[in-house]
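Try each task before you read its solution.

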Amino acid sequence: MSKIKNIFQNSPVSPLFIAESITKHSTKTEIGAHQIFLGQIRADEVDGKTVKAIEYTAYQDLALSQMAAIREEIFEKYDITCMHIYHSLGTVHVGEICLFVFTSSKHRNEATMACNEVVERIKNELPIWGKEIFEDETHQWKINQ
């Protein structure tokens, strides 16, 4: 199995970091396509209350070993060059980015399919939880959709 990479950061994913990640790939001239997914916190209304942030927690060791297995499966299934994943832990406010998935390949179809599958598998398989924090400071556990 490949080396386990830490996908977690204790902050929102900054737009500058996203731009720098894309820029770093300009020297990789075998790449013809990048697919990017950005998960942004919405100001959902639940029972008349508005979400102001989500506080993310995870069972990190298990999540990272599961992510390493998913990463390996995706590289075997799709002809991709690169895959980068960053997921926030801690509090992420409305409008901020909590998930950044970035796949690259020679052709767009492989990058797109790989990125979409990675996002779905993160949402469905990794032990990551979000607690919705409302403007009135009450909270509830978020249900993935």
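Let us begin with a definition: a residue is buried when its relative accessible area is under 20%, exposed when it is over 50%, and partly exposed in between, using a 1.4 Å probe and protein chains only. The model is predicted, so local features need pLDDT of at least 70 and side-chain atom pairs count only at pLDDT 80 or more, while totals for chains, interfaces and linings use all residues. Residues are numbered from 1 along each chain as its sequence is written, and side-chain values use heavy atoms, with hydrogens and water left out.

**Exercise 1. Classify D47 by its accessibility and describe its backbone.**

Step 1: look up the accessibility. D47 has a relative accessibility of 73%, so it counts as exposed.

Step 2: D47 belongs to the loop between β3 (45-46) and β4; here helices (H or I, at least four residues) and strands (E, at least two) are DSSP runs, numbered from the N terminus.

Step 3: check phi. The value for D47 is near 50°, which is positive in a residue other than glycine.

**Exercise 2. Work out the strand order of the open sheet of 4 strands and find its edges.**

Step 1: recall the criterion. Two strands pair if DSSP finds at least two bridges between them. In general, strands of a sheet pair through backbone hydrogen bonds, either parallel or antiparallel.

Step 2: write the order. It is β1-β5-β7-β2, with mixed pairing. The edges are β1 (8-9) and β2 (33-40), each of which pairs on one side only.

Step 3: inspect the pairings. β1 runs parallel to β5 (residues 80-88), with 2 bridges; F8 has H87 as its bridge partner, and Q9 is opposite S88. β5 and β7 are antiparallel and joined by 7 bridges, with H87 facing L99.

Step 4: Helix α1 (residues 15-24) lies across β2, β5 and β7 (97-105), at about 10° to β7.

**Exercise 3. Which residues touch the most other members of the largest nonpolar core?**

Step 1: define the core. It is a set of buried Ala, Val, Leu, Ile, Met, Phe, Trp, Tyr and Cys residues joined through side-chain atoms within 4.5 Å.

Step 2: pick out the residues. The core has 29 residues, and Y56, M67, I74, I85, V101, V118 and I122 touch the most other members. At least two residues each come from β4 (49-58), α2 (60-77), β5, β7, α3 and β8 (128-134).

Step 3: follow one residue. Leaving aside residues up to four places away in sequence, M67 touches I7, I85, V118, I122 and L126, where contact means heavy atoms within 4.5 Å.

Step 4: look for a separate core. Another one has 5 residues, among them V13, I97, F100 and F102.

**Exercise 4. Describe the ring pairs made by F100.**

Step 1: set the rule. Rings of Phe, Tyr and Trp (its six-membered ring) pair if their centres lie within 6.5 Å; planes under 30 degrees apart are stacked, over 60 edge-to-face, and the rest tilted. The structure holds 4 aromatic pairs.

Step 2: apply it. Y86 and F100 have ring centres 5.6 Å apart and planes at 20°, so they are stacked. Y86 is in β5 and F100 in β7, so the pair ties together parts 14 residues apart in sequence. For F100 and F102, the centres are 5.8 Å apart and the planes at 15°, so this pair is stacked as well.

Step 3: widen the view. Ring pairs join F17, Y86, F100 and F102 into a cluster. Both F100 and F102 are buried.

**Exercise 5. Is S104 buried or exposed, and what does it touch?**

Step 1: S104 lies in strand β7. Its relative accessibility is 0%, so S104 counts as buried.

Step 2: list the contacts. Beyond residues up to four places away in sequence, S104 touches H25, I31, A33, H34, I80, T81, C82 and A111.

Step 3: compare sequence and space. S104 and Q35 are 69 residues apart along the chain, and their C-alpha atoms are separated by 6.4 Å.

Methods:
Axes fitted to C-alpha atoms, helices over the stretch in contact; angles between N-to-C directions.
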